[in-house]
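Here is a short tour of one protein model. Have a look at it first, then read on.

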Amino acid sequence: MSPSPSADLILHPVRLRIVQTLLGDRELTTAEISAELPDIPTATLYRHIGTLAKAGVLAVAQERPVRGTTERTYRLDASKSSVSGDDLASMTAEDHRRGFMAFAAGLLEAFDQYTGQGEPDLVRDGAGYRQTALWMTDEELAEFTAVIRAAAQKAAANGPGEGRHRRLFSTVLIPADPPA
């Protein structure tokens with residue numbers, strides 16, 4: 001069984017990168033998105049932005065006339081920008097591999113952009129990457145993920161402001177020895 005249209009929609013590598021670019025209550029024009037994703041050909045980018053907008057994943061935050069055309073500023077509709085539990089459950093192992101590869105490629109691109117802007121200072125910038133093994137029961141795992149989710153939602157409610165910098169928080173949780 002292949003993933004539902006919403007999973008196919010979000011987990012496409014280019015569309016996932018567009019979604020990631022707008023995370024954090026950002027509102028960007030197509031030109032601004034293009035400037036942040038310079039490796040994606042303009043026509044391809046515009047086509048995928050149109051696909052996301054038509055599906056309601058991107059909402060038009062503002063429109064203004066510019067040289068005989070209409071410039072749109074887009075924002076992410078968070079309620080339509082993630083894959084539902086039902087969609088995840090219906091995906092095959094291969095569907096999940098493709099989706100994870102798109103996610104990992106987005107992480108790599110974000111890290112490349114960060115490290116490509118001069119000499120990165122991971123301590124100063126609060127950046128990092130690490131892996132830790134956690135031994136937990138199913139109940140402990142549920143509690144752990146609820147705490148992380150609550151902390152992330154609290155921080156995500158912050159808007160742009162003085163002294164605030166946009167930071168990407170990504171999680172990956174993989175069973176190292178799945179239950180029998």
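## A nonpolar patch

Leu134, Met136, Phe144, Ile148 and Phe169 make a nonpolar surface patch of about 450 Å². Areas come from the Shrake-Rupley method with a 1.4 Å probe, and for residues only the protein chains shown count as cover.

Leucine 134 sits in the loop between α7 (122-125) and α8 (138-156). Its relative accessibility is 44%, so leucine 134 counts as partly exposed (buried is under 20%, exposed over 50%, partly exposed in between).

## About the model

This is a predicted model: local features need pLDDT of at least 70 and side-chain atom pairs pLDDT 80 or more, while totals for chains, interfaces and linings use all residues. Residues are numbered from 1 along each chain as its sequence is written, and side-chain values use heavy atoms, leaving out hydrogens and water.

## The sheet

Three strands form an open, antiparallel sheet in the order β1-β3-β2. Helices (H or I, at least four residues) and strands (E, at least two) are DSSP runs, numbered from the N terminus, and two strands pair if DSSP finds at least two bridges between them.

β2 and β3 (residues 69-76) are joined by eight bridges. Leucine 58 has leucine 76 as its bridge partner in β3, and alanine 59 has arginine 75. In the hairpin of these strands, with two residues between them, arginine 67 takes a positive phi near 45 degrees.

Key:
Patches are made of residues with over 30% relative accessible area and no salt bridge: like charges are joined within 9 Å, nonpolar side chains (Val, Leu, Ile, Met, Phe, Trp, Tyr) within 5 Å. A salt bridge is a side-chain nitrogen of Lys or Arg within 4 Å of a carboxyl oxygen of Asp or Glu. Buried means under 20% relative accessible area, exposed over 50%, partly exposed in between (1.4 Å probe, protein chains only).
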